[in-house]
Amino acid sequence: LCRVGIKEIEVGFPAAGATEFDFISSLVRDNRIPDDVIVQVLTQSRRDLIETSFESLRGAKRAIVHLYNAVSPAWRKIVFGMSREEIKGIAVEGAKVLRDCAAAQPDTDWHFQYSPETFSTAELDFSVEVCAAVMEVLQPTVDKPLIFNLPATVECATPNIYADQIEWFCRNIPNRDAVVVSLHTHNDRGTGVAAAELGLMAGADRVEGCLLGNGERTGNCDLVTVALNLYTQGIDPGLDFSDIDEIVNTVQYCTNI
């Protein structure tokens, strides 16, 4: 990943268990993170999980902590049995814990990311409302923006619909200059790459994905295809896929698929 030129790498879910926690801690302890690369860890919006995530990164020079909670009607009604206000409260409380944990480790250059999980099946006005509430807590600036990652947690519509959702969000989120809008597409319909490309054209700034699309559940956006497609449109993604055979062989070796 580093040799390809990727500068932001989500390395794990440290609160999931000892294996991931120890792996991430060892990257920091053994000085395995290049100075020009920022690692990212994922956590649900629960105090104990957030605190564990920060602990796994103790001593890191820079890091992104990625917070998420589900916001869609199905999750509100079926999974949580909560109102819109209660779901927003989960996000706000998590943001406060992020803020406080970062303040307790001032030697690390902390960056924050928030995902309204299930964005693709949630009401757009509610997603913006929750994200705006998180912004109120974290107070991002142009120099240190907050990443809003907008996942197609389930790819339940055509890519143009996702792009319309992204455009609406970009137009309606407050203080847009202090926000990085990030795409996180899935491949339920086989159109994760198309959704990411249209999302970029709709105003997004960043794409989360995996090499050759080998990601969670149905797969994530294939960063190799997106990068090569950008090259064909005269856009340099800043990534080096000149030795594609080595990349394929490495992925096959690591995943055994």
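The following dialogue examines how terms are applied to a predicted model.

Trainee: What makes β1 and β7 edge strands of the sheet?

Mentor: The open sheet has 7 strands in the order β1-β2-β3-β4-β5-β6-β7, with parallel pairing. β1 (8-12) and β7 (206-208) each have a single partner strand, so one side of each is left without a neighbour in the sheet. From one strand to the next, the twist averages 30°.

Trainee: How do you know that β1 and β2 are paired?

Mentor: Pairing requires at least two bridges. β1 and β2 are joined by 4 bridges in the parallel sense, and Ile9 has Val39 in β2 as its bridge partner.

Trainee: Why are β4 and β5 called paired as well?

Mentor: The requirement is at least two bridges, and 2 bridges join β4 (residues 109-117) to β5 (residues 146-151), so these parallel strands count as a pair. Tyr114 stands opposite Phe148 in β5.

Trainee: Why is β2 described as largely enclosed?

Mentor: Of the 7 residues of β2, 6 are buried, so the rest of the structure largely encloses this strand.

Trainee: How do you know that the length of helix α1 agrees with its number of residues?

Mentor: Helix α1 (residues 18-29) has 12 residues, which at 1.5 Å a residue should span 16 Å. The C-alpha atoms at its ends are 16 Å apart, so the two values agree. Just after α1, Asn31 takes a positive phi of about 55°.

Trainee: What covers the buried residues of α1?

Mentor: The buried residues in α1 are Ile24, Ser25, Ser26, Leu27 and Val28. Their cover includes β1, β2 (38-44) and α2 (47-56).

Trainee: Why is Gln105 called buried, whereas Ile244 is called partly exposed?

Mentor: Buried means under 20% relative accessible area, and exposed means over 50%. Gln105 has 7% relative accessibility, so it counts as buried. Ile244, at 30%, falls in between and therefore counts as partly exposed. Gln105 is found in the loop between α4 (84-104) and β4, while Ile244 lies in helix α9 (residues 244-255).

Trainee: Which residues are in contact with Gln105, leaving aside its neighbours within four places in sequence?

Mentor: Gln105 is in contact with Phe54, Glu55, Leu57, Arg58, Gly59 and Trp110. Phe54 and Leu57 are also among the residues with the most contacts inside the largest nonpolar core.

Trainee: What does Ile166 touch, not counting residues up to four places away in sequence?

Mentor: Ile166 touches Phe119, Leu150, Val181, Leu183, Gly199, Ala202 and Ala204. Helix α6 (residues 159-172) lies across β5 and β6 (179-184), running at about 165° to β6.

Trainee: Is Cys101 buried or exposed?

Mentor: Its relative accessible area is 13%, which is under 20%, so Cys101 is buried.

Note on methods. Residues numbered from 1 in each chain as written. Predicted model: local features only at pLDDT ≥ 70, side-chain atom pairs only at ≥ 80, totals over all residues. Heavy atoms only, no water. Axes fitted to C-alpha atoms, helices over the stretch in contact; angles between N-to-C directions. Contact = heavy atoms within 4.5 Å. Expected span 1.5 Å × (residues − 1). Buried < 20%, exposed > 50% of the residue type's maximum accessible area, 1.4 Å probe, protein only. Core = buried A, V, L, I, M, F, W, Y, C linked by side-chain atoms within 4.5 Å.
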